[in-house]
Amino acid sequence: METQTIKTKETTAKTTQRISGSEAIVKCLIAEGVKVLYGYPGGAIMPVYDELYKYQDKIHHVLTRHEQGATHAAQGYARISGNVGVAMATSGPGATNLITGIADAQIDSTPLVCITGQVPSQLLGSDAFQETDIVGISTPVTKWNCQITKASEIPEAIAKAFYIAKSGRPGPVLIDITKDAQFEEFDFSYNKCEGIRSYNPIPKTDQNSLEAAAKLINEAKKPFIVWGQGVILGKAEVEFKTLIEKAGIPSAWTIMGASAIPTSHPLNVGMVGMHGNYAPNILTNECDVLIAIGMRFDDRVTGKLDEYARQAKVIHFEIDPAEIDKNVKTDVAVLGDAKTSLKAILPFIKTNSHPEWHQKFKDLYQIEFDKVIKNDLHPTKEGLTMGEVLKEINNQSKGEAAIVSDVGQHQMIACRYADFNVSKSNITSGGLGTMGFGLPAAIGAKMARPDREVVSICGDGGYQMTIQELGTIFQQKAAVKVVVLNNEFLGMVRQWQQLFFDKRYASTEMTNPDFVAIAKGYYLNAKRVTKREELADAVTEMMASKEAYFLEVCVEKEDNVFPMVPSGASVSDIRLE
């Protein structure tokens, strides 16, 4: 491990004890407050699993059915709890199977610590059985990683890993530990990491930037806020709500920012982006001041960059300096933690209301309601729509459920129509768009918050990528509610094929199995709905269940998700049909 100066806080007695590297790993996790970890055993990590067996009263290990499932479950655990998720795997294919979840966590700023076993150090570089350079493979998709070949390096590396994963802009960290280091004994003590030289996770907020931002906001006639997950990660929900209410600013969210304020809040004007709401997308190019808070101007939000908010002064509240001016040129950058920055700017903000500006949002919402929303939520056609399923779940959950969605049309429908009355309620794969995320992430979310209702919304395509995690649900008795919206297509790809490839449905139609029979094979309560009159009772039965429940809803095969900003188009070119 590289040599760096780190600040530590001693959390154990000063006396050391001589133990193996594998036991040290377990003791380090306990010292960091880890209660649950997700993983899959194998030869190169077996010494650690042997020690976990001895500490079952301290750490609950969840045997997922695939290593990818372990990372997604750890992500769900982290996203709903705010704590670091932990996943573990053996070397070679076990380690490489973690990569999709690690990459997902990196782009969505999810704090993970992943531990992989590795072949003995004397075999490194020899192409030994199940040897893979996981450090090299994971370098582009981790916040930090390292390889350990000596047991004495373990405590400092793990302390550093947890600090890096959760500090500043969170992200995934990977530690690769050779098998001989797991067996080797050394004198163990553990000190938590409290700082690393040259690593400044939270930049200091500049007073001049705050005053400049406040001046622009106070003088704006058409201010508009787009907020992202930074509000949630920064635990700044109260400060954010106070700001928008004081300044009277219409505010829209990226899919990662959803639930920071309730869906029904009068200043919440909906979702921006490719399948976002009509008004916030259109009016992005009419506002005079655009205030971005804890978001990174992803291409799915901006559309064609050289036509994005060109008329507006741009203020960017951001914890990561690398995001400033990366995609959109900023007039005022306010660096720092969202909670600190928003609290600091409040005294400079004047009370305002902007009634005429708000009316524009209302007028455009009515257009979207008449052309899109009414048909999604109150359809007149015979077949079920995805929107009315979400509407029924809202009716039953009162907006209190955590919605964990997979990736595809159903994801956009869930984000558009689910009611979020509690923060950390929209858990989905945003930046990477990982099909297969939804089911295992819901397991992690439910295990982190057993007091909350957790509903997994999947499509028939993504669901089958991690369908084996039904076994994890059964074994762990995790009371997840799993809803599959089955249209017998890879729906999002099919929609693009319909709109842009002359309905050439190449390799997108699905011949699906009997999903209910499979769920019952895992001893789960299960039901299939094919008719509108069956839906309400089925959702009621599902939500009332104290155990896990699987509900398949057969929906219209060729429904599309609108509005839609075509790829490469301006947000002003958003289509309603």
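**Exercises on a buried residue and its aromatic pairs**

Asn 394 lies in helix 16 (residues 386-397), where helices are DSSP runs of H or I with at least four residues, strands are runs of E with at least two, and both are numbered from the N terminus. This is a predicted model, in which local features need pLDDT of at least 70, side-chain atom pairs count only at pLDDT 80 or more, and totals for chains, interfaces and linings use all residues. Residues are numbered from 1 along each chain as its sequence is written, and side-chain values use heavy atoms, with hydrogens and water left out.

**Exercise 1.** Decide whether Asn 394 is buried or exposed.

*Solution.* Buried means under 20% relative accessible area, exposed over 50%, and partly exposed in between, with a 1.4 Å probe and protein chains only. Asn 394 has a relative accessible area of 11%, so Asn 394 is buried.

**Exercise 2.** Classify the ring pair of Tyr 163 and Tyr 199.

*Solution.* Rings of Phe, Tyr and Trp (its six-membered ring) pair if their centres lie within 6.5 Å, and planes under 30 degrees apart count as stacked, over 60 as edge-to-face and the rest as tilted. By this rule there are 13 aromatic pairs. The centres of Tyr 163 and Tyr 199 are 5.9 Å apart and their planes stand at 90 degrees, so this pair is edge-to-face. Tyr 163 belongs to helix 7 (residues 154-166), while Tyr 199 is in the loop between strand 10 (191-196) and helix 9 (207-219), so the pair ties together parts that are 36 residues apart in sequence. Tyr 163 is buried at 14%, whereas Tyr 199, at 22% relative accessibility, counts as partly exposed.
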